[in-house]
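Hi,

Here is the structure I promised to pass on.

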Amino acid sequence: MSWDEWEQLKTEHQPVGMALNSVPMGTDGDTPPRTPSSTGDLRVKNADLTNTAHKAHTLYDNLWDKAHTPVTTSDSAATDLTSQGFALGAALPTVPSRWDEQLSSLMDACAQISNHLQVTKKVHAGDDSYIQR
């Protein structure tokens, strides 16, 4: 295929209004449009990041304070049920360990969200400062 054939095929199959390596111009023909719907602008305020990070941290604290159960209570219940001949007594010790695994996983996610948003806030503040200069 020659270069001319390639150019002809590109011209024939290029969708109407499509331009590569360019920005579509606005209605005045000079400037690109700046509406969020056409450019996909994302605006997040530091207050939003701080609020969400704070809520994630609060949830982390509340999970530890209110959802963490002492294993000794479950162990004593398991021993008591086993001594009475209930099959549930043998299975009961797995419940608190599974609970703690799931709780730990959820708390880790909350901590990661909180930490990530704090770092994001700090990075964007630095970027804003650099751009203003």
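First, a term for what follows: a residue is buried under 20% relative accessible area, exposed over 50%, and partly exposed in between (1.4 Å probe, protein chains only). Keep in mind that this is a predicted model, where local features need pLDDT of at least 70, side-chain atom pairs count only at pLDDT 80 or more, and totals for chains, interfaces and linings use all residues. Residues are numbered from 1 along each chain as its sequence is written, and side-chain values use heavy atoms, with hydrogens and water left out.

Let's start with charges. The structure holds one salt bridge, meaning a side-chain nitrogen of Lys or Arg within 4 Å of a carboxyl oxygen of Asp or Glu. Arg 98 and Glu 101 form it, at 3.5 Å from N to O. Both sit in helix H6 (residues 94-132), three residues apart, so about one helical turn separates them. (Helices are DSSP runs of H or I, at least four residues, numbered from the N terminus.) Arg 98 is exposed at 54% relative accessibility, while Glu 101 is partly exposed at 43%.

Now the nonpolar side. Which residues make up the largest nonpolar core? There are five: Leu 63, Ala 67, Leu 103, Met 107 and Cys 110. Helices H3 (46-67) and H6 are the elements that give two or more residues to this core, and H6 provides the largest share, with three. By nonpolar core I mean a set of buried Ala, Val, Leu, Ile, Met, Phe, Trp, Tyr and Cys residues joined through side-chain atoms within 4.5 Å. Leu 103 touches Leu 63, Ala 67 and His 68, not counting residues up to four places away in sequence.

Last, H3 itself. The buried residues of H3 are Leu 49, Ala 53, Ala 56, Leu 63 and Ala 67. They cover an arc of only 110 degrees around the axis, so they lie on the same side of H3; the arc is that of the directions from the helix axis to the C-beta atoms. On the other side of H3, the exposed residues are Ala 47, His 54, Lys 55, Asp 65 and Lys 66.

Cheers

Note on methods. Contact means heavy atoms within 4.5 Å.
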